[in-house]
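Here is a short report on aromatic rings. Look at the sequence and the model first, then read on.

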Amino acid sequence: MTELPSGWTTRRPTLDDIPAILEVVHASDIAAVGEPDFTSDEVREELIAPNTDLDRDSWLALDPSGKIVAWAYPYNGTGRARDMANVYFWPEIGLPALRPLLAMLMERIAERAREFGHEVYEVRSGAIPGEDHLIAALTDAGFTFLKQFARMQMSLEGCSPVAPEPPAGVTVRAVDSGDEAEMRRFHAVIEEAFRDSDHPAMGYDGWRAQFESESSLSFDEWLVAEVDGEIAGVLQSADGSGDTEEGYVKYLATLRGFRRRGVGEALLRRAFAVYAAKGRPKAGLGVDLANPTDAASLYFKVGMTPLYRANVYRTEIKAAG
């Protein structure tokens with residue numbers, strides 16, 4: 001069924017809807033993985049992300065009582081030929097909105113493909129194993145399984161606020177966010193390090209717009225590792241001042257010529273110490289389990305474990321028109 005039941009409606013979200021949207025996402029998270037894994041800051045960031053128009057790209061579904069029970073939105077922060085189709089729905093009560101919202105979203109994504117200048121457009125979506133209704137809806141819409149992603153986490157209880165000494169020749173410090181040249185190099189290291197992965201390349205301006213849309217920034221949690229005075233790796237955190245107070249590693253990047261020298265581990269250990277010093281109870285990150293650098297092995301080594309695994313699905317569509 002791709003039509004809403006009688007009495008159900010849709011409308012565009014506003015920033016005032018963030019608390020109600022978060023309730024939907026948390027209900028979905030709890031049903032899928034046993035605990036919430038989204039913050040109000042993240043809802044806000046998705047709503048106002050680069051290349052996202054609140055008046056055209058996102059929908060809320062409301063049941064006959066007017067309760068918000070589902071949310072659908074795309075994400076393409078780069079404008080390149082790949083979009084994410086995201087649909088959250090309140091388990092059981094929001095299920096009737098799943099397929100109608102997915103159909104509306106896919107139609108809009110085909111329009112976005114044309115607007116971004118792509119004739120053939122890749123669309124991805126995620127689902128937790130066991131989210132059978134969502135997986136069935138994606139499969140019926142033409143999506144096929146691609147790979148898995150792991151949401152890693154560890155407790156910081158007992159973690160020292162003083163990081164262990166990095167390996168000989170490696171120094172770790174906070175980024176100088178006021179130095180434009182350093183910020184450009186920081187971004188370039190991320191792009192260079194992820195070039196051999198599935199990471200969608202993003203230009204410097206888009207990258208800045210992405211993090212500047214966050215409600216707060218903690219640049220003392222953005223780290224630079226140097227070897228003989230040369231930047232060898234970087235760690236970018238997402239500010240942990242939201243609902244979970246989790247220290248979150250958004251990007252950990254080590255340049256190819258400096259790998260297997262303890263650079264990545266030194267950056268992680270320093271980040272954990274910074275988070276612990278601020279009283280953050282946990283540290284987390286996401287990792288592509290198909291990453292050719294086998295990044296997950298480092299995260300297991302430092303004591304992180306999967307909070308959950310998610311399947312990634314993909315399809316290709318042609319631009320509308």
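Is Trp-207 buried or exposed? Trp-207 is buried, with a relative accessible area of 2%. Buried means under 20% relative accessible area, exposed over 50%, and partly exposed in between (1.4 Å probe, protein chains only).

This is a predicted model: local features need pLDDT of at least 70, side-chain atom pairs count only at pLDDT 80 or more, and totals for chains, interfaces and linings use all residues. Residues are numbered from 1 along each chain as its sequence is written, and side-chain values use heavy atoms, with hydrogens and water left out.

Rings of Phe, Tyr and Trp (its six-membered ring) pair if their centres lie within 6.5 Å; planes under 30 degrees apart count as stacked, over 60 as edge-to-face and the rest as tilted. By this rule there are 13 aromatic pairs. Two of them are set out here.

| Pair | Type | Centre to centre | Angle between planes |
|---|---|---|---|
| Phe-194 and Tyr-251 | edge-to-face | 6.1 Å | 65 degrees |
| Trp-207 and Trp-222 | tilted | 5.9 Å | 55 degrees |

Phe-194 and Tyr-251 are 57 residues apart and link distant parts of the chain. Phe-194 is buried at 17% relative accessible area. Tyr-251 is buried too, at 15%.

Trp-207 and Trp-222 are 15 residues apart. Trp-222 is buried, at 1% relative accessibility.

The charged end of Lys-67 sits over the ring of Trp-90, 4.3 Å from its centre. This label requires NZ of Lys or CZ of Arg within 6 Å of the ring centre and within 35 degrees of the ring normal.

How values were computed
Helix = DSSP H or I, 4+ residues; strand = E, 2+ residues; numbered from the N terminus.
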